[in-house]
Amino acid sequence: MKLVGLPLAVFIIALVVPAGVVVALYTARLRRKPAVVAFGLLWRKVAERVSQTRKLGRLENPFGLILQLLAIALICFAAGHPRWVFQEQAPLTVALVMDNSGSMAARPGLRSRFDEARSRALSAVDRLADTDRIAVITTGGEVRLVRGFTTLKKSVREALNGLRVVDGPGQLADGVRRAVQLLAAQGEKADLRPLIYVVTDGQEELPPAAELPRGTRLQVELVGDSERLPNVGITAFEVNQRAAAPGRYEAFLEVRNLSSTTAKGQVRLALDGKLVEVRPFQLAAEGRFTQVFSDLAGSETSTMTAELTGLQLGRGQDTLPTDNTAYAVLRRPAINVRLVSEKSLYLPEVLRAQPRLRVTLLTPADFAQLAARAPQLSGVTIIEGSLPPRLPPGSYFLINPVPAAGGDQLFTRIGQVKNPAFTRFRSEHPVLRSVQLAEVAIAQSNTYRLGPGSTVLAGTQDEALLWAQEDRGRRVVGLAFAPSESNLPLRVAFPVLVYNTLTWLGETRVGATTLTPGKRFAIDVADATAARAVVRHPDGTERTLAAVGGTLQLVGDKVGLYLVRAAGDTRVAANLFSASESALGQRPVPPGWTSGGLSRTNSETWPFFVVLGILILLLEWQLYHRRVTQ
Amino acid sequence: LAIDLLEKDFLRKLEYLYLVAKEGFQGLLTAARLSKSFGSGLEFAEHREYIPGDDFRHIDWNVYLRIGKPMLKLYQKEEELFVYILVDASKSMDRGTPSKLDFAKKIAASLAYVGLANDDRVTVGSFTSQLGDSTNAAQGKGRLFDTLRFLGEMKGEGQTDMARALAAFLHKSRRKGLVILISDFFDPGGFQRALKQLHHAHYDFFTIQINEPEEIKPTIKGDLEIIDCESGEKLQTQVAATALQLYQEELERHYGELRNLCKSLREGHVAAVTDQPFEDVVLDVLRRGGLLR
């Protein structure tokens with residue numbers, strides 16, 4: 001063994017002092033119990049005979065003393081922080097990926113899934129050696145590096161204890177990829193011993209081990225039950241101003257029963273805190289309840305709340321309260337859309353049907369000029385076909401895009417494929433909300449090699465047909481084929497897809513009213529010259545944020561209404577709206593991942609020695625009293 | 001009073017003991033108390049020729065018919081037996097529940113009653129390091145209550161010095177007789193000299209050794225300060241299994257010497273523990289014989 005915490009010489013000195021005290025006390029136990037006897041002479045003879053056989057008095061039979069010294073030695077040894085020699089091999093480099101997405105707030109018992117996950121993570125950190133390096137990444141809303149690699153366990157514990165659940169969708173796969181990047185940045189040391197340790201409820205899919213670097217240990221610890229937990233949640237709540245009747249609004253609400261039992265309850269709709277309407281519902285297992293509340297009177301400063309109450313789910317109870325309430329802000333300002341197309345057959349009609357959209361038509365040549373000189377583009381730009389060499393920072397919906405040769409490419413076109421079929425979807429993404437693409441027939445589509453920051457939203461097993469990408473200030477949704485080469489324009493999904501896309505792209509900036517918890521959200525404050533804005537969070541706390549160029553970056557982790565105060569009030573609603581987070585199940589662990597708690601062979605050994613020392617002391621105490629020392 | 005010797009139950013037991021003693025030990029009680037002088041007792045001794053002046057009521061007419069000479073039938077004269085019951089009233093006797101002293105008092109009372117009922121001259125006294133008070137030599141059952149009162153007022157205090165106390169007894173006593181010593185025989189100066197001087201003074205004696213259970217099988221353990229209850233001397237020692245075993249050996253050696261001495265002097269000895277019924281001890285004493293002659 002090797003002492004990590006105490007040099008051997010110090011250990012010996014530390015042992016000698018208490019050992020000397022113990023020996024002294026042992027030989028001079030002064031407190032004697034008085035015992036009155038009838039005939040002391042007999043006892044004196046006995047004592048003489050006993051002393052004749054014991055030349056060294058108490059030390060003659062020092063079993064108790066040996067036990068005491070052994071206990072002291074063990075406790076001193078424990079203070080020396082002993083380790084087995086083999087434990088002193090190369091330390092681990094652990095990327096701890098903590099899932100703190102909305103589903104982790106589920107509370108099947110007294111403790112939430114996240115509390116359990118944090119407890120497991122803290123326990124794992126305790127088991128790690130002091131020389132191991134640990135980084136903490138969270139995946140709720142956006143992937144965040146909470147603590148870079150450090151050997152300071154205390155710092156890691158503080159980071160873990162400071163984590164909260166983000167009431168938004170998780171990015172577990174991205175978190176793992178971030179962990180891979182972090183580990184790669186540590187270099188190619190032979191003794192790196194990389195380990196990605198994921199603590200999650202298993203609701204999100206882990207990336208296949210084949211996609212991850214070989215030689216990296218992949219460990220996932222699942223918290224919560226493998227059985228699906230009962231939950232009913234609001235998965236959509238949208239309020240629009242009626243085009244024909246200014247000042248009148250209509251609300252669309254979707255409630256889903258994500259349980260294996262029937263559910264019933266009621267929806268209470270409130271406008272500015274005042275109850276407007278109550279509608280009961282009863283849902284079969286996996287059932288869906290959609291309602292439209294029309295002709296609601298309100299103003300642009302009004303907020304609307306939909307709340308599920310009186311929920312009854314068979315024998316169980318609703319385990320995720322986060323999705324039981326949804327918030328909406330009535331103010332829905334227009335989105336400026338720039339359509340760049342030589343001759344678009346369907347899009348102009350689709351865009352005109354949406355009163356929120358203010359559409360400007362541009363030819364590719366005009367846009368190329370604009371793009372060449374503009375540092376940044378506001379609104380959303382739809383580009384069909386060829387892309388200009390430069391795309392300034394902004395939001396883009398790229399349809400059948402053909403990147404310019406030698407240009408600043410977000411992605412690369414590598415070929416074409418005939419009759420591709422949609423087989424995989426990321427249906428929880430806002431772009432695909434209420435969009436059914438499964439039966440879309442496509443004659444021909446481009447194939448691309450996607451650049452960094454890409455997320456495939458829909459596609460074949462091998463190719464991306466619809467993707468989202470964020471790279472260097474550009475937020476992009478790409479459609480790999482021309483609508484005219486498919487029957488998509490003839491399907492209901494097309495206008496919904498276009499509207500979802502433009503909303504998702506456009507609402508990230510000016511005039512946005514709904515944010516996704518955990519995601520960075522840019523808000524243009526009313527006064528562009530304001531340097532600061534005070535944001536009141538749903539829990540009532542107020543924080544001051546710096547506004548740059550009239551824009552401030554808000555990250556709200558909790559669902560609810562956020563109030564931004566800067567020369568006028570701006571309200572923003574935050575909702576979970578994620579069926580994948582609300583469906584409280586557990587996915588199987590993909591091959592290549594090891595399931596279970598983090599086991600570290602070089603766990604601490606000192607508690608063992610302390611416990612052993614205490615046990616020996618107890619034994620000595622017992623023996624002393626039972627007088628079996630002789 | 002530590003115990004009430006006048007209590008009805010106790011008196012009833014005394015009566016019972018007397019009856020048992022009378023029935024079971026009559027021979028012992030009457031046969032051996034013979035004087036060396038001849039007289040008008042009940043026990044036949046010999047015949048001698050009639051001399052004028054002799055009481056002709058003692059002429060054996062059967063012998064006269066056989067030999068034709070008046071022969072006088074002589075009986076051995078019965079003599080009063082002096083019984084001295086000496087109870088050790090030192091502090092060591094005042095230990096245990098019931099205390100050894102109380103137990104000794106009951107035995108003393110029982111033996112005194114048997115003696116008084118047999119018209120013996122019974123004296124009950126106490127001793128510690130010196131001879132204590134005693135009752136006057138009493139005779140007859142009517143003197144029982146005085147004896148019981150005396151025993152009831154006896155207290156355990158002081159140290160034991162049996163040799164000195166018995167020397168004083170010998171000096172004071174005018175008539176030889178039977179001395180019953182009731183004690184734990186925990187005498188730092190030893191009991192040997194005391195018993196030998198009794199023997200050499202031609203006194204018969206009977207030793208009744210009283211102990212409490214804790215003395216026979218002590219339960220004390222650990223690092224102890226052992227205090228002698230009489231002298232107050234202290235001894236610091238560790239008592240464990242070995243020490244307890246050695247104690248048993250020393251105790252056995254101590255009382256072995258007592259038994260052997262009594263045997264060699266042809267005197268009686270009985271050992272009793274306070275958790276026994278005292279009447280069993282008394283009967284045992286009587287049964288073993290040699291106590292009353």
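This is a predicted model: local features need pLDDT of at least 70, side-chain atom pairs count only at pLDDT 80 or more; totals for chains, interfaces and linings use all residues.
Residues are numbered from 1 along each chain as its sequence is written, chains are lettered from A and ligands numbered from 1 in the order in which they are written, and side-chain values use heavy atoms, with hydrogens and water left out.

Let's start with chain A as a whole. You'll find eleven helices and 33 strands in it; these are DSSP runs numbered from the N terminus, with helices being H or I of at least four residues and strands being E of at least two. Of its 630 residues, 50% count as buried, meaning under 20% relative accessible area with a 1.4 Å probe, protein chains only. Chain A exposes about 29,000 Å², with 54% of that coming from carbon and sulfur atoms (Shrake-Rupley method, 1.4 Å probe).

Now for strand β5 of chain A, residues 133–138, where five of the six residues are buried. The chain gets there from β4(A) by way of helix α4 (residues 113–127), in a right-handed β-α-β crossover. Right-handed here means that, with the strands pointing away from the viewer, the path from the first strand over the helix to the second runs clockwise. β5(A) and β6(A) then form a hairpin with five residues between them, and A:G141 in the turn has a positive phi of about 75°.

| Strands (chain A) | Sense | Bridges |
|---|---|---|
| β4 (residues 93–98) and β5 | parallel | six |
| β5 and β6 (residues 144–150) | antiparallel | four |
| β16 (residues 335–340) and β18 (residues 380–386) | parallel | four |

A:I134 turns up in two of these pairings: A:V94 is bridged to A:I134, and A:I134 has A:T150 as its partner in β6(A). Over in β18(A), A:I383 stands opposite A:V340. β16 and β18 belong to an open sheet of eight strands with mixed pairing, in the order β17-β16-β18-β19-β25-β24-β23-β21. Its edge strands, β17 (357–362) and β21 (424–425), each pair on one side only.

Finally, how do the chains meet? The contact (heavy atoms within 4.5 Å) takes 25 residues from chain A and 36 from chain B. Together they bury about 3,000 Å², counted as the accessible area (1.4 Å probe) lost on being put together, summed over both. Three salt bridges cross this interface, each a side-chain nitrogen of Lys or Arg within 4 Å of a carboxyl oxygen of Asp or Glu. A:R49 forms a salt bridge with B:E250, with the closest N and O atoms 3.1 Å apart.

Conventions:
Two strands pair if DSSP finds at least two bridges between them. Buried area is the accessible area (1.4 Å probe) that two parts lose on being put together, summed over both.
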